[in-house]
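Here is a friendly walk through one protein model, written for someone who likes cut-offs stated plainly. Please have the viewer open as you read.

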Amino acid sequence: RDGATLVEDPEEILVELAGLPPALAERKPCVDELAGLERALALLLQGETLATAELVERSRADTVQVLATLVELELRGVVVRAPGGLWRLVP
């Protein structure tokens with residue numbers, strides 16, 4: 001119990017794991033602030049909901065890289081995994 005913190009929302013766990021102050025954790029980066037593969041994937045997802053395979057094909061990146069980047073973007077609140085394994089931008 002030493003050092004335990006009451007968690008009332010899953011977001012609080014993500015903030016703690018990311019090591020970001022709550023004010024920064026709440027702010028979702030916009031597409032213009034992203035770079036590299038993160039930016040490429042976000043641009044591909046603008047106005048679309050795509051499967052991982054489609055993102056790999058369209059970005060011409062390695063599957064492992066695409067999946068790792070999508071998870072990072074999901075943790076930062078930029079994308080969300082929709083039913084059926086599809087990805088979309090968070091509005």
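## Ground rules

This is a predicted model, in which local features need pLDDT of at least 70 and side-chain atom pairs count only at pLDDT 80 or more, while totals for chains, interfaces and linings use all residues. Residues are numbered from 1 along each chain as its sequence is written, and side-chain values use heavy atoms, with hydrogens and water left out.

Helices (H or I, at least four residues) and strands (E, at least two) are DSSP runs, numbered from the N terminus. Accessible areas come from the Shrake-Rupley method with a 1.4 Å probe, and for residues only the protein chains shown count as cover. Buried means under 20% relative accessible area, exposed means over 50%, and partly exposed lies in between (1.4 Å probe, protein chains only).

## The nonpolar core

Let's start inside. A nonpolar core is a set of buried Ala, Val, Leu, Ile, Met, Phe, Trp, Tyr and Cys residues joined through side-chain atoms within 4.5 Å. The largest one here has 17 residues, and those with the most contacts inside it are Leu-41, Leu-45, Leu-55, Val-66 and Val-79. Two or more residues come from each of helix 3, helix 4, helix 5 and strand 3 (86-89), with helix 3 giving the most, four residues.

Two residues are handy to click on, taking contact as heavy atoms within 4.5 Å. Val-66, leaving aside neighbours within four places in sequence, is in contact with Leu-37, Leu-41, Thr-52, Leu-55, Val-56, Ser-59 and Ala-61. Leu-73 lies in helix 5 and is buried, with a relative accessible area of 0%. Not counting residues up to four places away in sequence, Leu-73 touches Leu-34, Glu-38, Leu-41, Val-78 and Val-79. The C-alpha atoms of Leu-73 and Ala-42 are 8.8 Å apart, although 31 residues separate the two along the chain.

## One side of helix 3

Which residues of helix 3 are buried? They are Glu-38, Leu-41, Ala-42, Leu-44 and Leu-45. These residues cover an arc of only 160° around the axis, so they sit on the same side of helix 3; the arc is that of the directions from the helix axis to the C-beta atoms. Their cover includes strand 1, helix 4, helix 5, strand 2 and strand 3. After helix 3 comes Gly-47, with a positive phi near 75°.

## Salt bridges

Side chains of opposite charge can pair when their charged atoms come close. The structure holds two salt bridges, each defined as a side-chain nitrogen of Lys or Arg within 4 Å of a carboxyl oxygen of Asp or Glu.

In one, Glu-38 meets Arg-76 at 2.8 Å, N to O. This pair links distant parts of the chain, 38 residues apart: Glu-38 is in helix 3 (residues 36-45), and Arg-76 is in the loop between helix 5 (63-75) and strand 2 (79-82). Glu-38 is buried at 16% relative accessible area, whereas Arg-76 is partly exposed at 35%.

In the other, the closest N and O atoms of Arg-58 and Glu-48 are 3.2 Å apart. Arg-58 lies in helix 4 (residues 52-59) and Glu-48 in the loop between helix 3 and strand 1 (50-51), so the pair ties together parts that are ten residues apart in sequence. Arg-58 is partly exposed at 40%, and Glu-48 is partly exposed at 33%.

## A surface patch

Val-7, Ile-13 and Leu-17 make a nonpolar surface patch of about 290 Å². Patches are made of residues with over 30% relative accessible area and no salt bridge, with like charges joined within 9 Å and nonpolar side chains (Val, Leu, Ile, Met, Phe, Trp, Tyr) within 5 Å. Val-7 lies in the segment before helix 1 (10-18) and is partly exposed at 42% relative accessibility.
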